Amino acid sequence: MSNNDWKSRLGMVYSTNPDYSYTTENTSEPVTTLAPSRQRLRVALDRRNRGGKQVTIVADFVGSDDDLKELGKMLRQKCGVGGTAKEGEIIIQGDFRDKIVQILTQAGYQARKI
């Protein structure tokens with residue numbers, strides 16, 4: 001922790017001890033990714049707040065961010081378009097619901113179109 005990391009110490013009460021050193025506890029547990037056969041992914045079309053453009057959203061992924069980004073990369077490559085993977089969702093540019101459901105079921109995921 002850097003000495004200038006003041007946001008992590010917002011709940012700290014003032015201490016008069018000159019030898020006091022503030023330490024934080026990192027209690028984040030490692031996130032385990034569910035097996036593809038246990039994942040129940042929802043594939044939906046969205047165009048809200050996107051200037052009328054359509055995007056396909058793959059939601060309800062349970063697992064680590066690295067696995068989410070890897071799955072997003074695979075979907076972007078198979079569809080040949082751009083997109084992003086963040087906050088448990090994969091966003092693919094364009095309407096690729098049918099193709100994404102087919103790709104996910106071939107990869108062993110339980111996917112359904114909404």
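Student: How many bridges join strand 3 (residues 83-86) to strand 4, and in which sense do the two run?

Tutor: First, the ground rules. This is a predicted model, where local features need pLDDT of at least 70, side-chain atom pairs count only at pLDDT 80 or more, and totals for chains, interfaces and linings use all residues. Residues are numbered from 1 along each chain as its sequence is written, and side-chain values use heavy atoms, with hydrogens and water left out.

Now the strands. Strand 3 and strand 4 are joined by 4 bridges and run antiparallel. Strands here are DSSP runs of E with at least two residues, helices are runs of H or I with at least four, and both are numbered from the N terminus. Two strands count as paired if DSSP finds at least two bridges between them.

Look next at the turn. Strands 3 and 4 make a hairpin, with 2 residues between them. Glu87 lies in that turn and has a positive phi of about 55 degrees.

Strand 4 (residues 89-93) has another partner. Strand 2 (residues 55-59) pairs with strand 4 over 4 bridges, again in the antiparallel sense. There, Val55 stands opposite Gln93. In a regular strand, side chains alternate between the two faces of the sheet.

Now step back. The protein chain has 2 helices and 5 strands. From the N terminus, their order is β-β-α-β-β-α-β. Of its 114 residues, 23% are buried (under 20% relative accessible area, with a 1.4 Å probe and protein chains only).

How values were computed:
Buried < 20%, exposed > 50% of the residue type's maximum accessible area, 1.4 Å probe, protein only.
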